[in-house]
Amino acid sequence: KLGCAEGGCGACTVMLSRLKGDHHYSVNACLAPLCSLHLVAVTTVEGIGSVAQTLHPVQERIAKAHGSQCGFCTPGIVMSMYALLRNKATPTMDDLDDAFQGNLCRCTGYRPILEGYRTFTKVGTPRNTQETCRTHRKPATPLFDAKDFVPFDPTQEVIFPPELMVKTDSLCFHGDRTVWLQPNSLEELLSLKWKHPEARVVVGNTEVGIIFGASCSLSLMEAELRRAVDSLPLHQTQVFLAVLEQLRWFAGRQIRNVAVSSETEQSMGSGLGLGLALGLGVWVRVSPGIRDGSRLVQMDSRFFTGYRRTALRPQEVLVSLEIPYSKKTQFMSAFKQSPRREDDISIVTAAMSVTFSPDTSLVEELKLSYGGMAPTTVLAERTAKELIGRPWGEELLQAACSSLAEEMTLDPSAPGGMVTYRRTLTLSLFYKFYLTVLLKLRDQVWELKPRTSANHQRTIGVPQGQHLDDVVGRPIMHLSALKQATGEAVYCDDIPLYENELYLALVTSTKAHAHILSIDTSLAVSMPGVVCCLFSEDVPGSNSTGPIVYDESVLADGQVTCVGHIIGAVVADTQSHAQRAAKAVKIQYEELPTVVTIQVTSHTPRVTSHTPKVTSHTPKVTSHTTASGDMHMGGQEHFYLETNVTLAVPKEDGEMELFVSTQSFLTLTLCPCPQSLVAKALGVASNRILVRVKRMGGGFGGKESRTTILSTVVAMRPVRCMLDRDEDMLVTGGRHPFYAKYKVGFLDNGQVVALDVSYYSNTGNSMDLSLSVMERALFHMENSYSVANIRGRGFLCRTNLPSNTAFRGFGGPQGMIVAESWVTDVAQRLGRPAEEIRRLNLYKEGDRTPYNQVLDQFTLDRCWDECLRRSDYKQRRANRWTKRGLAVVPTKFGISFTAVFLNQAGALVHIYTDGSVLVTHGGTEMGQGLHTKMVQVASRVLGVPISKIHISETSTNTVPNTSPTAASASSDLNGAAVHNACQVLVERLQPYRSANPKGCWEDWVKAAYFDRVNLSANGFYRTPDLGYDFNSNCGRVFDYYSYGVACSEVEVDCLTGAHKNLRTTVVMDVGHSLNPAIDIGQVEGAFMQGLGLFTLEELHYSPKGVLLTRGPGSYKIPAFGDIPSHLTVSLLRDAPNAKAIFNSKAVGEPPLFLASSVFFAIKDAVSAARSEVGLSGPFRLDSPASAERIRNACTDRFNHSGSFKLVLNCSVLTLTLVLVLS
């Protein structure tokens, strides 16, 4: 699968095998040049097993362990694991962590993948399958049984193809614009380099020792260095250990398998970190020609002459790298600070080496090397020179900090930003190095423990006596999981090419706000394969579009309002031809004033419109104390692994068939949908437009309304278009950034009695769904707390960014995090634990919300108490001397569309004469297991096994006028509609059951058929008693609420701002779960997506409105290594919900906010650090809590301007040592 085209997501992972050394390694197919694969065996996921024949154990286990949801990432993960097993039949958990560093998943939360593959390791069977419920002391339902897995036999794998066992000669491949030359010897390479000095050298692998050949892959370098560390004395391997530490966090395994030391160091010497470590005493050998021998060049401050430039001459080839042994009195450390530790570009890296005079602590030699402080690696030579001859102590530290502060400067406009943070890091990292060396000088030796994990999932067992054929409440595997694990699941772009099919590429704006003066397509239309160019005047129907308000255009007409605004399209015979021609379209602009941020100043938001306000009052209460504050919550990219894709196929009589990756089909004018808006653009009725969805590779709200911007363009011609990752991120928008100001009144006991809060959202360049998002934010402004007097107001701020849109939570997380912020402020003002204030103000059964809805079937207090009990909260809170952060956070999430008319669903069920059943409903499958749950519902109502029931796809010609698959209500709505249709059929078959009670299902179906009974039924459901009026503040907004509580513990490195997610306990009320495996997967997936929202993911724009974070290289979502080391998820027992199908509850969106427990645990840790320097009371920490924000909030002598005086008392030293050792 193509997920990013830059080697950052791992979806396209395949395994390469070479005859030499019988080595197998995973690589990113999107980065592997085809020419480089001569005589290489390529194994894809389809090549190791299939559903029709035999599944490979790797495929079976990820599917049956519930590790595949949307499935788009699954083939890549399968191949990463398969390549690991081909090299190591019984890996360790550390091997798994290493193998998956280059793979991303947006759905599962990673836990089920690791639990399934744990069965291949020495650890063996996952512990979660044997958990016991503490409440009832009865065995919990296992999510899967490892005993059912097919045994893995490594002797039965495919051998290396004999056809490839031949000797290769020199090769030459000629392309349209490139020539690929593959020499067969070093002499031939030098000759070619002399003839073509500007040609780039692309190299592969060799077997080498400690003197590494220039074409040695980073993986081989890593393996050789580890062998050296294991066999040599410790004092000789200091440089090796530093290099290994950097290699561990550089890219993913797929990249390290093909990246080579020479190319990597020459092209990325400043930011890699490996280059920093190698720069301390490392030499490179270069060869200038065939007869000129070779020369040694030291990798020092003169080696890197500029960004991605070195001291090598054009004709020279780097032959090897020579890494020296360290000396007996030498100590060395390497550091990397990045937004995400795994597979991420560093903010600042450092490698530091000190050599002492024998038997003393006097500095004989000191090297301090930094990356990220200049275009190239820089050495702090002046500081190092000043410290020579000084003893390693407090006086040296003081001098070093003062000197580094002067030497390591950055211009305020330096690329990459974060200038203050980066300067602070230069001091903080040296301080960590100082402490590390200090410990070693004192002969304090410690062992670095590997990362361990313990994952527990406590589920709800089915009632005693439930028939084995009744699958409701059982952990049934996702219906498509096996097909997804074998690569046989068909996504939109997998549909085979139609005859004479064309490809469309978008022409987008490079300006954020401008008039279009002219468009020149002369060069584009003359390029190979180009059929035509399309612009606004080519739209046959209406060029106006938009989900609620028609304030957008299909194609820009005269003016653009954001970078990425679609101006036109190029249609060509292939994707590459279309994209190349689209880049050749020349557009002239007249730029207009640009607005990027919603804040003109930090306290004066730029407002364009406002929404109704929500107010609630009780008899006046005088509060003793008030507190005011504000915070900003950043946006978030959906980062579904399958980007937006549409295939349009024209039919007769103006009909158009669309295959779209979309969550919405709705034909109403007031709502977003491909069908109605395509019909509008083409000038035909909606009954001529057929939209079909088989499955999506993720959605999360991003394919609810924004898919129409692609569908309406594509529908003008019979073409296909799949956006590249950078295009998708550029044009589609994401979660709304919010800014909030609040004032809260509270009593001395901590009871909150009054709140006034104002929200400001960044809508982007159009309205889209922004009004509805703001309304939901207001409906969640108090989260789970009872506030007697409250006023909430919302303001929409239009900017010149791509229109923001629906995202999992739909405004709820933005509203609730502000609530948790003022609760924390109250606790800090009173000097009391935040959990006490939260518990004191928690809603109770029968309380009213600010919008006057009574809370019934209230289970949040039970979730709270169970979460604290399971997490051992009181015992963990007692260990405050460790300076870790701890927080427990509740959530109350309303279930229903706030637009009342959307709370409806339809279904169509057919029974065929052979007894098989075909179910169709209005929901789309995007990995959340909706189809699986609907089959379970139909199975129970009809009384037939799920093997007889099939769901093919969702389409507009089977169930019309469907609501978007959104708002967490799809199982409720569509489940009830399927139930209704099946119940109709059961009633029609009842006479034949009664007449033949000993018969079987097929007998009754055939009897009904021969009696001319209709075996097809429509089902319909509408949620009753909904409707709210803002003006009168009355009515029911939601049908019911989903509740949950999470407790998280983190450890913060106050010197760098990095943090570790140590432990999280989640208790979630999902009613009587329809499928506990799917529901737990949704809880974990939502939690990890929320973890990204609140602690990691950050969108960066230039002042001109250009999105700088496009693709996984610069935009980081949580990876395997970000899972809490101990994760426990429990589903609340005995909590039936009478308002949803089979007493279940919605689960898609509610758990996401529970990840804010990590955010507030970080804030708790920062508060403890601040108290060490005498700072107390509330402080502002914006979301996400990035390393930069955390470090800057930990006010100390390193980031306080002009003050570097060192004061070491025992508590501070203990704190720092704990952080360093961990």
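The points that follow concern a predicted model.

1. The structure contains zero disulfides. A disulfide is a covalent bond between the sulfur atoms of two cysteines. Two of the cysteines are taken up in the next points.

2. Cys-70. The cysteine sulfur nearest to that of Cys-70 belongs to Cys-107, at 3.6 Å. A disulfide is counted only for sulfur atoms within 2.5 Å, and Cys-70 is in no disulfide. Cys-70 is classed as buried because its relative accessibility is 4%, the cut-off for that class being under 20%.

3. Cys-863. This residue, too, takes part in no disulfide. For Cys-863, the nearest cysteine sulfur is that of Cys-867, 8.7 Å away. With a relative accessibility of 0%, Cys-863 is likewise counted as buried.

4. Geometry of the helix pair. Helix α22 spans residues 834-841 and helix α23 spans residues 860-870. Their axes lie 11 Å apart and form an angle of about 155°. Because of that angle, α22 is roughly antiparallel to α23, the cut-off for this description being over 145 degrees. The crossing of α22 with α23 is left-handed.

5. Residues in the contact. Which residues of α22 meet α23? On the α22 side they are Glu-835, Arg-838 and Arg-839; the partners in α23 are Asp-861, Trp-864 and Asp-865. By class, this contact comprises five charged residues, one nonpolar residue and no polar residue. Trp is among the residue types that count as nonpolar, and Trp-864 lies on the α23 side.

Terms used
Residues numbered from 1 in each chain as written. Predicted model: local features only at pLDDT ≥ 70, side-chain atom pairs only at ≥ 80, totals over all residues. Heavy atoms only, no water. Buried < 20%, exposed > 50% of the residue type's maximum accessible area, 1.4 Å probe, protein only. Axes fitted to C-alpha atoms, helices over the stretch in contact; angles between N-to-C directions. Helix = DSSP H or I, 4+ residues; strand = E, 2+ residues; numbered from the N terminus. Parallel < 35°, antiparallel > 145°, perpendicular 65-115°, else oblique. Left-handed = near helix turned anticlockwise from the far one by under 90°. Contact = heavy atoms within 4.5 Å.
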